Structure formats: structure tokens, C-alpha cells
Amino acid sequence: MTSGVTNVSAILDAMELTSDPELEVRFAESAHRILADLVSGGAALGWVEPPSRDEVAELLGYVVSAVQAGDAALRAAYLDRRLVGLGYWLRYARPTHRPHADLEKIAVDAAAHGRGVGRALTAALIADAQEAGIEVLTLDARGDNTNALHLYRSLGFAEYGRLPDFVAVGEHRYDKVFYMLDFRQQG
């Protein structure tokens, strides 16, 4: 249970998700539904077209393998036993970047927006990064994703760069905004 967020029933980590085969199968199905629905609605999650079930299952399998190797964290938010959000970070693969990780996805079911799910997921992933000894947690977001950018700033992330009109979605162009949370500067 996560304290301080009244609308989220539980924030599970990868080990809790994979310890129950039935929960693991439902997680993959529900994660696909959330991601596909969000992308269909224009969400900035890295896909232009909704991902397939197999694509999401492959991605989750990769992230869980990275978690088992100590190179990632995965969190899932439940509200009344229903998956309403997920997120993960991955440690950088380059040997010179191994002390750092990238927060790659935070996805919250549209029906649960405004309930603190994204904040709870992100806070849990930040705590996981600190516990794993990550020095700098980075992320990038589409410049028009103002709610997400506000959330990241409120949790201590600082913008460190921007590529104007870098993200192409059909004829539309958006800035790619880079944020970082430097744990080395926290005492």
C-alpha cells in the first residue's frame, strides 16, 4: 500500500507482479489496453499507432528481465484490483553511463487521470532508483505534455535541454524536453 494517496489501492513492484502467474497474465493484458487506449487518444508514449498485444508483452518481458538483473524497476498501480497505471525505468546500457537510469514510461489509464496515480508511480520509481544507487534519473517528454512536465518538476526534476520541433506525429511537430533528477546533489 502506498500512503498519502487515497485513490490508489496498491503500487506493486515487478517481483510482486510476477510472483502470481494469474496476476502476471492479467497485468500484460491490462497494460496493453491502457497503452493502446492512451496512444489511440494521442498520448505521447513513443508510439504513433497503438502497440500490439505482442509488442507490449515483449516490452514487459524485457523490462522484467532487466529488473531481475538489477538494471530496472517496474511499478504497477491498482485501484480496487484494477490496473490503472504502470511505469518503469531502465539503467543505461553503456558502461560509462551505468550509474544512471532513464525513466522511460509512465502511463495512467485516462479514467484515472487526476487521482494521483502518476505521482504515486513516479514517486515509487524515484525511491526504487535511489535504493538501486542510481546517481542521475533522466527522462524525456513531449513539450505539449504539460501535466506530465508539471508533475516531474513538482517531484524535483529539472529541465536540462530541449530539441525544438523534434517529435514528429504526422504533420505535427513537438519539442522533446529533457529532465533530470540528480541524486548526487541531494544530501
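Mentor: Strands are DSSP runs of E with at least two residues, numbered from the N terminus. Keep in mind that this is a predicted model.

Trainee: In which element does aspartate 165 lie?
Mentor: Aspartate 165 is a residue other than glycine, yet its phi is positive, near 50 degrees. By the run assignment, the element is strand 6.

Trainee: Is arginine 81 buried or exposed?
Mentor: Arginine 81 has a positive phi too, near 65 degrees. Its place is the loop between strand 2 and strand 3 (82-91). Exposed means over 50% relative accessible area. At 69%, arginine 81 therefore counts as exposed.

Trainee: How much space lies in the largest pocket, and which residues are closest to its centre?
Mentor: The largest pocket holds about 1,200 Å³. It is lined by 42 residues, and closest to its centre are Ala44, Leu45, Ile106, Asn145 and Ala148.

Trainee: Which element gives the largest share of that lining?
Mentor: Elements giving two or more residues to the lining of the largest pocket include helix 2 (21-40), strand 4 (100-108) and helix 5 (146-154). By class, the lining has 23 nonpolar, ten polar and nine charged residues. Seven lining residues make up the largest share, and they come from strand 4.

Trainee: Which element gives the most to the lining of the second largest pocket?
Mentor: This pocket holds about 210 Å³. Its lining counts 13 residues, with Asp13, Val67, Ala72, Ala73 and Asp128 closest to the centre. Helix 1 (14-18), strand 2 (72-79) and helix 4 each give two or more. With four residues, the top contributor is strand 2.

Trainee: How do the residues of that lining divide by class?
Mentor: Sort the lining of the second largest pocket into nonpolar, polar and charged.

Trainee: Which residues are in contact with tyrosine 152, leaving aside its neighbours within four places in sequence?
Mentor: Contact needs heavy atoms within 4.5 Å. For tyrosine 152, that gives Leu103, Ile106, Thr122, Leu139, Ala141, Phe157 and Tyr179.

Terms used
Residues are numbered from 1 along each chain as its sequence is written. This is a predicted model: local features need pLDDT of at least 70, side-chain atom pairs count only at pLDDT 80 or more; totals for chains, interfaces and linings use all residues. Side-chain values use heavy atoms; hydrogens and water are left out. On a 1 Å grid over the protein atoms alone, a cavity is a set of points where a 1.4 Å probe fits but cannot get out, and a pocket is an open set with protein on both sides within 12 Å along at least five of seven lines; lining residues have an atom within 4 Å of a point. Grid points are joined across faces, edges and corners, and a volume is the space filled by probe spheres set on the points. Ala, Val, Leu, Ile, Met, Phe, Trp, Tyr, Cys and Pro count as nonpolar, Asp, Glu, Lys and Arg as charged, and the others, Gly among them, as polar. Buried means under 20% relative accessible area, exposed over 50%, partly exposed in between (1.4 Å probe, protein chains only).
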